[in-house]
Amino acid sequence: MSSVFFALADPTRRAILSRLTTGSAGAEELLNFCSADMFSLRKHLDILESAGLIAQSRDATWHRCKFELNRLDDVSNWIEQYKPFWDGNLDNLELFLRSHHRD
């Protein structure tokens, strides 16, 4: 899961994932989309693939990338376990603010 968080920490990689939610894309399209050079794009795609967030198809002359949504299920489940903690703290904050609010 650390590799997923590392991959998501970069705005360029998040932009690539955002684009891939609309469908698969070739490396050239992604290159134009994220305004990166080919070396940087390859590095970003390799990190996303290592994290399991994308799958790449390679042929002698082309690359296609697609978003692997199921990898985010692990992250979602991990975050979900902390939801009661955050909900409880937000409820407590609301009570505190109401009790200290002066009209």
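How many disulfides does the count come to?

Reply: The model is predicted. The count comes to zero disulfides. A disulfide needs two cysteine sulfur atoms within 2.5 Å. For Cys 34, the nearest cysteine sulfur belongs to Cys 65, and it is 10 Å away. Cys 65 is likewise in no disulfide, with the sulfur of Cys 34 as its nearest cysteine sulfur.

Now take burial. Cys 34 counts as buried because its relative accessibility is 14%. Cys 65 has 1%, so Cys 65 counts as buried too.

Next, the strands. Ala 25 stands opposite Cys 65 in S3. Two bridges join S1 to S3, and these strands run antiparallel. The open sheet has three strands in the order S1-S3-S2, with antiparallel pairing. Strand S1 (25-26) and strand S2 (54-58) are at the edges. Each has a single partner strand, so one side of each lacks a neighbour in the sheet.

Leu 20 links these places. Leaving out residues up to four places away in sequence, Leu 20 touches Ala 25, Leu 30, Ile 54, Cys 65, Lys 66 and Phe 67.

Finally, the core. In soluble globular proteins, nonpolar side chains tend to be buried together. Here the largest nonpolar core has 20 residues. Ile 16, Leu 20, Leu 30 and Leu 41 touch the most other members. Several elements each supply at least two residues of this core, among them helix H2 (11-20), helix H3 (27-34) and strand S3 (63-67).

Conventions:
Residues numbered from 1 in each chain as written. Predicted model: local features only at pLDDT ≥ 70, side-chain atom pairs only at ≥ 80, totals over all residues. Heavy atoms only, no water. Buried < 20%, exposed > 50% of the residue type's maximum accessible area, 1.4 Å probe, protein only. Core = buried A, V, L, I, M, F, W, Y, C linked by side-chain atoms within 4.5 Å. Helix = DSSP H or I, 4+ residues; strand = E, 2+ residues; numbered from the N terminus. Contact = heavy atoms within 4.5 Å. Pairing = 2+ DSSP bridges.
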